[in-house]
Amino acid sequence: VGGGLAGLWTAIEIKRRAPATDVAIVEADTCGGGASGRNSGMVLSQWAKFAALEAFCGTDGAKRLGQHFGESATNIERFCHEHGIEAEFRRDGWIWGATCPRHVGSWSGILAGLAKHDLTPFREVTKEEIARQTGSTSFLAGIFDPTAATIHPGKWVRGVRRVALKCGVRIYENSPMTRLERSSPPIVRTGKGAITAQRVVLTMNAWSLAIPELRSGILVIASEDAVTEPIPELLEKLGYKEKPLMGDSQLFVTGFRTTGDHRFNPGVTGGVIGYGSMGFGKGAGDRFEGRSPRENVIRDCVVRGYPALADVPFADSWYGPIDRTRSGLPLFGALPTHPEIFYGYGFSGNGVATTPIAGRILASLALGQKDEYSTCGLVRPPERWLPPEPIRYWGAHMVRAAIKRKDAADHAGRTPGFIVRGLAGLAPGGITTSRVTKN
C-alpha cells in the first residue's frame, strides 16, 4: 500500500528473490505523487546518524547498515545505467556547514563518534575551501561527504516504477485504500475493488498517520523547495555550476543545490504541520499540495546563504509532507496484533538513499526470511513519543516556534532562554540525528 520509492523497492526486491510471487501495489495518486517525487533529490548517506544507528543496532550492526546506506548513491547510479533511467544523477558530494559562529563545530560530536570506530566518511572543510567549491562566502566551516549525490526525484521514481512493471508487479494508481481489514488473510479495499493477500506491506510515508498503531511514531511536517529559471551563466560566474549540494546547521535546515538544467534549487523545512490521521484517499493530504506558501522564508535563506542569488525570481515552488521520527531513523516491523501486516515508514527526509535498503528489510519480513535485514535494529515497534490530537498538533507548533527563536538567537549571537532551549530540544531527527532515544 503506497507506490512511492519504499513500496516500489519492496515490490522489486520481493520479485527478485521470489519471482513467482504475485505482488500488487495500490497507490492513492500516481507513483511518486507523494514525498518520493517532490523532494530535494538529495542522495545522502546515514553516517551523520551513526549514534542513533549504534543505539538501535549495536556497533557492528550500525557499521553494516552505515555501509549499506553509504553505498546507496553508487547503487542508484548503477541501477540508472542498467535500466536506462535518465534521472539526472550527479555525484556532487554534500557539504554540511555553518553560517554563523555558534553553529561552527555542530558536527564535532558526530566526527568523534565515528572516529572511535575508525570511520572517516567525512572530512572537514574550511571557509576558503567551501568558497572555492560553491562560490558561497557565507559558510564559515563545515564537513564534506564525497559519496553524496543529487537526482531528479520525479524522473527517478517513475523510472523505478517502470522497472517494477517490467518485473511483473501489478500497479493500481489512483486507487486509494479506503479500508484495511485486519483479517487473516488481510484485505485491502479501494473504491474500485479489493485485494486479499497473504501479506500486506504498508509503505505510506506521512499517510501512515491513518494507521492507529503507527500514529505515535511520526510527526508530519512540510519540506518546501523552490527553483529558479535556468541560470547557467550566473552559476558559472559564482562558481556554483554542478557543485556540491549544501546544508546548514540550523534546526530548521536550509539546503541548496543546482539541477541538471542549471537551475538554483533552495529548500527549507519547518512548514505546515500535519493534523489528525490525514485520512485515506487521494485528497487526504491536500494541506501539503500546491505552491509553497512560504517562498518568503525560502528567499530569506537564499539571502543568508547565497546573497548573490537573492534577487533571482523563483520560477516555481512546491512542498510536501515528511514523516519524521524522534531519532531520524525509519521503523519497520509487523503490526503487533496482525503478523501478516508489515510497515515501513519514518524516513525523515532521507528517503531517496534509505528506501533501497528499506525494500530489502521489508522483503525479508514479508517473505519470512531471517537475515541481516529482518533482524536488524531498525525492525522495532513504533516509537511511543507523541501524544494524541489535538495536544500533539499544538505542542508541535510550540516546538516549531521555539526552534525558530533558537535559530534566530544563534545567528544573532545570543543564548536563548531555558524554555526555548528545552522546547527546541524536543525536535525530531531530520538530515542528522537530534535525539538518540531507544524505547
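This is a predicted model. Start with the helix pair: α1, residues 5-17, packs against α9, residues 351-367, at an angle of about 50°, and their axes are 7 Å apart. An angle like that makes α1 oblique to α9. The crossing of the two, α1 and α9, is right-handed.

Which residues of α1 and α9 make the contact? On the α1 side they are L5, A6, W9, T10, E13, I14 and R17. On the α9 side the list includes V352, T355, P356, R360, L362 and L367. Sorted by class, the contact of α1 with α9 has 11 nonpolar residues, 4 polar and 3 charged.

Now the backbone. As a reminder, most residues other than glycine have a negative phi, and most peptide bonds are trans.

Two cis bonds to point out. The peptide bond from S184 to P185 is cis, with omega near 5°. P185 sits in the loop between β8, residues 177-181, and β9, residues 187-190. The other cis peptide bond joins E389 and P390, with omega about 0°. P390 lies in the loop between α9 and α10, and α10 covers 391-412.

Then two asparagines with positive phi. N174 has phi near 50° and is in the loop between β7, residues 170-172, and β8. For N205, phi is near 55°, and the loop is the one between β11, 200-202, and β12, 219-228.

Are these two buried or exposed? N174 has a relative accessible area of 33%, so N174 is partly exposed. N205 is at 18%, under the 20% cut-off, and therefore counts as buried.

Definitions and conventions: Residues are numbered from 1 along each chain as its sequence is written. This is a predicted model: local features need pLDDT of at least 70, side-chain atom pairs count only at pLDDT 80 or more; totals for chains, interfaces and linings use all residues. Side-chain values use heavy atoms; hydrogens and water are left out. Axes are lines fitted to C-alpha atoms, for helices over the stretch in contact, and angles run from 0 to 180 degrees between N-to-C directions. Helices (H or I, at least four residues) and strands (E, at least two) are DSSP runs, numbered from the N terminus. Angles under 35 degrees count as roughly parallel, over 145 as roughly antiparallel, 65 to 115 as roughly perpendicular and the rest as oblique. A crossing is left-handed if the near helix is turned anticlockwise from the far one by less than a right angle, and right-handed if clockwise. Contact means heavy atoms within 4.5 Å. Ala, Val, Leu, Ile, Met, Phe, Trp, Tyr, Cys and Pro count as nonpolar, Asp, Glu, Lys and Arg as charged, and the others, Gly among them, as polar. Buried means under 20% relative accessible area, exposed over 50%, partly exposed in between (1.4 Å probe, protein chains only).
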